[in-house]
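The exercises below are meant to be worked through with the sequence and the three-dimensional model side by side. Please try each task before reading its solution.

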Amino acid sequence: MKFLNFNKVLCLSPHPDDVEYSIVGSILQADQTQFDIICLTQGGDFDKTNSEDRLQEVNNFWSGVKNVNLFFTDTDHLKSKQEDEWVNFIENKFEISSYDAIMTTNQIDSHFEHRQTSRIAHAVCRASKVGIIEYKSPSTLVEWVPNYFVDISKSYSKKIEMLNSFVSQGDRAYFQPEQIKAFHINFQSSKRGLEIVEMFKIIQLYN
């Protein structure tokens, strides 16, 4: 299966675990789509768990997943670079026009670095025929309204198993089993028989 019939997607992860927590179920099921994931930092500003170990957790997480390429930067925090520097960095590292879409965090989010990453994604796509798709993260606010839902019931148990790679985040509220389950439930989807989903918002797509 391909994700939205895409061949190649670039995923922006502001911190270790953002892409992993938010969309791995969809990635596992879309084994004919190549996902290039760039983890921009070691973690959030003022986060005591930030370290090289967190990047190793990301490596451990994706070990054995063949349709994922991982990329890291040498940046501790997102604020270490201005937004225009991030845009230039990403444009120089990747051939943006080779992607069908960029997947990113969104503006309706309680985390300021998630909002900044969203702005960076839009700037990167400003002159290319590249789609933009936002993904829901645990800090996404209720005002954000998804318009695309992926049934991940077939990959959910594998996702739960893989999330155990993030030992450093094990005591966080959003890593508790009941919170993980709640993250994947959408009332409108459940009415249609989709009990476990990952949620996205398509901002722009080009044929």
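**Exercise 1.** How many aromatic pairs does the count come to?

Solution. Before counting, note that this is a predicted model, in which local features need pLDDT of at least 70 and side-chain atom pairs count only at pLDDT 80 or more, while totals for chains, interfaces and linings use all residues. Residues are numbered from 1 along each chain as its sequence is written, and side-chain values use heavy atoms, with hydrogens and water left out. Rings of Phe, Tyr and Trp (its six-membered ring) pair if their centres lie within 6.5 Å, and planes under 30 degrees apart count as stacked, over 60 as edge-to-face and the rest as tilted. By this rule there are 15 aromatic pairs.

One of these joins Phe-3 and Phe-200, with 5.4 Å from centre to centre and 65° between the planes, an edge-to-face arrangement. Because Phe-3 belongs to the segment before S1 and Phe-200 to strand S7 (residues 197–204), the pair ties together parts that are 197 residues apart in sequence. Helices (H or I, at least four residues) and strands (E, at least two) are DSSP runs, numbered from the N terminus.

**Exercise 2.** Classify Phe-3, Phe-200 and Tyr-148 by accessibility, and describe the pair formed by Tyr-148 and Phe-200.

Solution. Buried means under 20% relative accessible area, exposed over 50%, and partly exposed in between (1.4 Å probe, protein chains only). Phe-3, at 4%, is buried, and Phe-200, at 0%, is buried as well. Phe-200 also pairs with Tyr-148 in a tilted geometry, with 6.4 Å centre to centre and 55° between the planes. This pair links distant parts of the chain, since Tyr-148 is in strand S6 (residues 148–151) and Phe-200 in strand S7, 52 residues apart. Tyr-148 itself has a relative accessible area of 25% and is therefore partly exposed.

**Exercise 3.** Which residues of helix H3 are buried, and what covers them?

Solution. Within helix H3 (residues 83–93), the buried residues are Trp-86, Val-87 and Ile-90. They lie on the same side of H3, because they cover an arc of only 100° around the axis, where the arc is that of the directions from the helix axis to the C-beta atoms. The face turned away from this buried side carries the exposed residues Asp-84 and Asn-92. Taking contact to mean heavy atoms within 4.5 Å, the cover over the buried residues of H3 includes strand S1 (8–13) and helix H4 (112–124).

**Exercise 4.** Which residues of helix H5 are buried, and against which elements do they pack?

Solution. In helix H5 (residues 156–163), the buried residues are Tyr-156, Lys-159, Met-162 and Leu-163. Their arc around the axis is only 120°, which puts them on the same side of H5. They pack against helix H1 (18–29), helix H2 (52–62), helix H6 (177–183) and S7.

**Exercise 5.** Is Gln-179 buried or partly exposed, and which residues does Gln-179 touch?

Solution. Gln-179 lies in helix H6 and, at 40% relative accessibility, counts as partly exposed. Leaving out residues up to four places away in sequence, Gln-179 touches Tyr-21, Ala-173 and Tyr-174. Tyr-21 and Tyr-174 also belong to one aromatic cluster, together with Phe-61, Trp-62, Phe-166, Phe-175 and Phe-183.
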